[in-house]
Amino acid sequence: MDTAVHMLRTGRRGTLFEFHMAFEDFRGSLRRLGLAWSLAWHDVVARYRGSILGPFWITLSMGLMVLGIGLVYARLFGIGLHDFLPLVALGIVFFGAISGMITEGCDTFVSAKNMLSQTSLPMFTFLWRTVLRTLINLAHHLVIVVAVLLVYGYWRRLNLPGALVGLAFLAANAAWIALIVGIASARFRDIPQVVNSIMQFAIFVTPVFWPAERLQGSKHIVLDFNPFYHMLEAVRAPMMGAPIAPHTYSFLALMAVIGWSVVFSLFAITRRRIVHYL
């Protein structure tokens, strides 16, 4: 089949053209980051419109959960509250950001189906909307982090540049996962339930409520190949003034490169079909 007949029957101009259009979509979305920010801010405001505390209701409930788990588990593990409560607080806040970005990523395109069907906005704009919305929510929850670091004196050991680098790795990796579950959820509407189940399981095999030092020897392999552990530890360890595992940054960098390469290729192939899936 020659090229002209192929285009007539499928509407496609070849793989290179699909990748070119996907890259143009990406570039166009970067020029519209202001729009993505506005959409993300509107989502947060709309979700809590009419509420007295707004998103701080979730911060308050998260703070109570941190306090409850910290007090109970510290006694169970026989660890001092000074060491354990900051570990739990930072774990819950930043794992919540990872989980939120991924689970809300399922609605990246589904929730924007009207805009996608009626406008020619770049599709990556709606991914940045999800990422920025999660970061806005994270900014509210940082009240808990700041309070814990101040009360227990960890601010003296805080490695802020390292924590910001870790946060960048966290966002970069959670973003490509959000994109792939967003594409999958546009095609199969039961994917969000699967993703929620995976994240509920992940929180128990990731040292959010328990110290990683509890796993010694061969058991540590559970953490060595756990991407959520590395994403969490890249932020939490610098904030607590603790050293980061030597391979954490290389693991996250390799994960980001491979993840974005695979997911961008998938996006390029399915980009024209996403609106039809919706």
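How many helices and how many strands does the protein chain have? I looked that up first, keeping in mind that this is a predicted model. I got 12 helices and zero strands.

Next entry, overall dimensions. The radius of gyration came out at 21 Å, close to the 19 Å that the globule rule gives for 278 residues, so the protein chain is as compact as a globular protein of that length. I also boxed the C-alpha atoms along the principal axes and got roughly 70 × 50 × 35 Å.

Then contacts and burial. I took contacts between residues at least 6 apart in sequence, and 77% of them join residues at least 24 apart. Of the 278 residues in the protein chain, 45% are buried.

My total for the accessible surface of the protein chain is about 14,300 Å². Carbon and sulfur atoms own 68% of that.

Which residues make the nonpolar surface patch? I noted L67, L71, V72, L76 and L81, which together give about 440 Å². Helix α4, residues 56-77, is the top contributor to this patch, with four residues.

Last entry, a closer look at L71, one of the patch residues. L71 sits in helix α4. Why does L71 count as partly exposed? Its relative accessible area is 42%, and partly exposed covers what lies between the 20% cut-off for buried and the 50% cut-off for exposed.

Notes:
Residues are numbered from 1 along each chain as its sequence is written. This is a predicted model: local features need pLDDT of at least 70, side-chain atom pairs count only at pLDDT 80 or more; totals for chains, interfaces and linings use all residues. Side-chain values use heavy atoms; hydrogens and water are left out. Patches are made of residues with over 30% relative accessible area and no salt bridge: like charges are joined within 9 Å, nonpolar side chains (Val, Leu, Ile, Met, Phe, Trp, Tyr) within 5 Å. Accessible areas come from the Shrake-Rupley method with a 1.4 Å probe; for residues, only the protein chains shown count as cover. A salt bridge is a side-chain nitrogen of Lys or Arg within 4 Å of a carboxyl oxygen of Asp or Glu. Helices (H or I, at least four residues) and strands (E, at least two) are DSSP runs, numbered from the N terminus. Buried means under 20% relative accessible area, exposed over 50%, partly exposed in between (1.4 Å probe, protein chains only). The radius of gyration is taken over C-alpha atoms; the globule rule is 2.2 Å times the number of residues to the power 0.38. Contact means heavy atoms within 4.5 Å.
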